[in-house]
Structures are given as C-alpha cells and as structure tokens.
Amino acid sequence: METRIFSNKDIEEAARILKTGGLVAFPTETVYGLGGNGLDKEAARKIYAAKGRPSDNPLILHVSKMEEVIPLVESVPEKAKLLMDSFWPGPLTLILKKSAIVPLESTGGLDTVALRCPDNALTLELIEKAGLPIAGPSANLSGSPSPTEASHVYHDLAGRIEGILDDGAVGIGVESTILDMSTERPTLLRPGAITLEDLTEVLGEKPDIDPTLLGKSMEDGFVPKAPGMKYRHYAPKAEMILFRTLEHKGAESKVRESMAKYLEEERGDSFQKKIAILCAEETKPLYQEMAEKKNIRLKILGRREDPLSMTHNLFRILRECDEEGINLILSESYPEEGVGFALMNRMKKAAGQKIILIK
C-alpha cells in the first residue's frame with residue numbers, strides 16, 4: 001500500500017478515504033492521530049492492525065463540534081457540557097456512556113466512549129467533510145514514542161495506511177487529558193495540558209485520580225477505560241532510567257552526581273555504548289564536562305520553568321535517540337505539578353517505571 005502525504009488542498013480526498021473505510025493520519029494540537037471511521041467496526045480493526053495495538057485498548061472518537069456528541073452517547077451530563085464549553089476545541093477527552101451506534105470495536109469492548117474535539121483547523125475541516133466521528137489513537141506503532149511530526153508517522157506507518165495529512169509540528173507534544181465522566185465522580189485517567197487544577201476550577205471540585213497515576217500497580221485482568229493505561233507506552237528502543245531526589249535542596253547537583261556514580265559503579269561497560277542524558281536548559285552546564293569526557297549526548301528537553309516546552313520536545317527527542325542508536329538514556333525528573341504531572345507520566349511510562357531515588 002502506498003502512503004500519500006496530503007496537504008490542506010487534499011482535504012476532500014482524505015475525507016473520501018475515511019468515508020470508504022480507509023485510514024488517514026491527521027494532525028492535532030497534541031500529537032498526530034491515526035484516523036478511521038469511528039462508526040465502522042472494520043475501520044477500527046484496521047486501526048488496531050496498523051498500529052499493532054491490543055484490541056482492548058480504547059480509541060478516541062474526534063468530533064468537530066459539541067452537537068456531534070449527542071448521537072454517540074446515552075446522555076451528556078451537565079458537568080460534561082460545562083467542560084466542553086470551557087475546553088473544546090482543545091486537549092481534553094471525556095468518557096461517557098456510549099450509544100448503540102458506536103461499535104464495541106471502537107471502544108475496546110466497553111460500554112463507554114472517549115470523545116474529543118481537537119484544536120486543529122485542518123482536522124476540524126476533515127471531520128466536517130467526512131461527516132463522521134474519526135476514531136484516532138496516536139499515529140505510531142504501539143508502544144513507541146507518539147508522533148509530533150508527519151515524518152514520525154511516515155517512519156512508523158508507511159505502507160500500512162492510505163495517507164497522512166501534514167500540518168507541520170504539533171504544539172503541545174503529549175496526548176490529551178482524559179477525564180472519565182461516566183462514573184459518579186469525575187476521574188482523571190490520563191494527565192495532559194488541561195491540568196488537574198484547570199479541571200478543578202471549572203468543575204468546582206477536584207476530580208478523583210485513577211490509582212494507576214499515583215504509582216499503584218494494576219491487577220491482572222485490569223480493563224483500561226482509556227488509551228495508554230494498561231500497556232507500556234511512549235518507549236524508546238534504549239533502556240531509560242529516571243533519577244529523582246526526595247528533597248529539593250541541592251537537587252540538581254545530586255542528580256548529576258548520582259548519574260555519574262551509576263555509570264561508574266553500576267554500569268562500567270556502558271561507556272562502550274551510546275548514552276544520552278536528558279536535562280533542562282537550566283541544568284545543562286552541570287552535565288557538559290561529564291558529557292565531553294564520556295562522549296555522552298546531551299538532549300535538552302526545555303526549560304524547567306515552562307513544562308510545556310518539555311512536553312513539546314519529549315517524544316521528538318526520544319525518537320532522535322532511536323535514530324542515533326542510543327542504548328541508554330539517563331534523565332532528570334521534574335515536579336509533578338500542573339503540566340509537569342503529564343510530563344512525568346509520559347517519562348515514567350517511557351522508562352518502564354525505572355526510577356532511581358536519591359536520598
């Protein structure tokens with residue numbers, strides 16, 4: 001199968017492919033999505049096959065306006081309407097009880113459906129022209145870093161899908177916040193650029209937080225209600241380890257010292273491998289001498305004072321590490337507040353929860 005690159009001039013053709021059961025990757029403000037007809041069970045099966053994704057991992061249905069949600073769900077609670085008014089179009093996915101027209105193949109077999117209105121003009125036009133909700137997980141091979149540029153999608157899925165709608169690099173760089181509104185209390189299932197604090201302000205109450213986001217292990221047989229909850233995600237090919245201090249005083253220097261000690265004592269043979277260190281712009285000077293002596297690549301995530309600059313770069317940098325043949329990635333950790341909660345959620349998953357705590 002030839003995978004074509006579409007521009008804004010090709011919206012009609014991209015919409016035609018979706019309406020006839022094909023797959024087209026599309027841009028959003030978060031990451032690129034892999035789109036198919038959300039009401040077509042065969043299109044859903046194609047999405048899972050193209051990604052190599054387990055079929056019990058739910059898809060997100062993308063709409064172009066709030067009115068398009070009504071036929072997809074049993075009802076829209078008042079608090080859900082309030083959130084849509086406040087954050088749509090934008091990086092917030094809401095989970096509601098699905099209606100009969102949404103196939104189980106699109107929901108991972110659940111009686112709930114994940115819904116989002118993305119903040120991207122091209123994709124909103126694509127949804128309108130296709131006249132259907134677009135089921136869209138991230139447009140990457142399952143488990144690998146999510147795509148933030150069309151070239152990332154092509155690298156992973158060329159020959160597996162019909163087309164890619166190219167709108168350049170995305171803005172945010174990590175997937176949408178997911179809030180479960182199908183239960184008695186709103187529950188945060190995945191952090192994103194819409195923060196817990198943002199949700200609390202609009203709802204007038206703090207949502208519950210799914211235990212898996214707080215480090216609780218999942219029991220066997222756990223049924224994920226949202227993408228990315230059960231399986232290893234966002235992972236580079238290299239082994240990745242996070243270094244985290246238990247106190248803030250002198251934290252940056254302690255992390256640097258712990259990394260150096262780890263490389264010398266625990267992984268004496270690692271200097272024969274390709275190693276990268278992920279750090280912030282502010283802490284880059286701490287690692288430069290060590291990097292030069294040990295031929296280590298320094299990768300700058302962004303500025304500590306601006307977590308969105310880090311989310312914007314994270315997946316691109318992890319893909320760079322793959323391209324450069326990096327075998328080991330050592331990374332700083334960051335405060336889990338605001339957008340930092342989403343940043344660290346993705347970093348922990350990328351590292352497979354490998355964290356060295358520094359006392």
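This is a predicted model: local features need pLDDT of at least 70, side-chain atom pairs count only at pLDDT 80 or more; totals for chains, interfaces and linings use all residues.

Trainee: What makes E12 and K129 a salt bridge?

Mentor: The term requires a side-chain nitrogen of Lys or Arg within 4 Å of a carboxyl oxygen of Asp or Glu. For E12 and K129 the N to O distance is 3.3 Å, so the pair meets the definition. The pair links distant parts of the chain, with E12 in helix α1 (residues 11-19) and K129 in helix α4 (residues 121-130), 117 residues apart. Helices here are DSSP runs of H or I with at least four residues, strands are runs of E with at least two, and both are numbered from the N terminus.

Trainee: Why is E12 called exposed, and what is K129 called?

Mentor: Buried means under 20% relative accessible area, exposed over 50%, and partly exposed in between, with a 1.4 Å probe and protein chains only. E12 has 53% relative accessibility and therefore counts as exposed. K129, at 32%, is therefore partly exposed.

Trainee: How many salt bridges does the structure hold, and which residues are linked in a network of them?

Mentor: The structure holds 25 salt bridges. R297, K299, R316, E320 and E324 are linked in a network.

Trainee: Why is the pair of F243 and Y262 called edge-to-face?

Mentor: Rings of Phe, Tyr and Trp (its six-membered ring) pair if their centres lie within 6.5 Å; planes under 30 degrees apart count as stacked, over 60 as edge-to-face and the rest as tilted. A search of the whole structure finds two aromatic pairs. In the pair of F243 and Y262 the centres are 5.9 Å apart and the planes stand at 80°, so the pair is edge-to-face. F243 is in strand β12 and Y262 in helix α7, 19 residues apart, and both residues are buried.

Trainee: What makes T123 buried, and which residues is T123 in contact with?

Mentor: T123 has 0% relative accessibility and therefore counts as buried. T123 is placed in helix α4. Leaving aside neighbours within four places in sequence, T123 is in contact (heavy atoms within 4.5 Å) with F26, P27 and P118. A polar atom of the T123 side chain lies 2.5 Å from the backbone oxygen of P27.

Trainee: How do you know that the buried residues of α8 line one face of the helix?

Mentor: The buried residues of helix α8 (residues 284-294) are Y287, M290 and A291. Seen down the axis of α8, they fall within an arc of 105° (taken from the directions from the helix axis to the C-beta atoms), so they line one face. On the other side of α8, P285, E292 and K293 are exposed.

Notes. Residues are numbered from 1 along each chain as its sequence is written. Side-chain values use heavy atoms; hydrogens and water are left out. A polar contact is a pair of N or O atoms within 3.5 Å; within protein, one must be able to donate a hydrogen and the other to accept it, and residues adjacent in sequence count only if both atoms are side-chain atoms.
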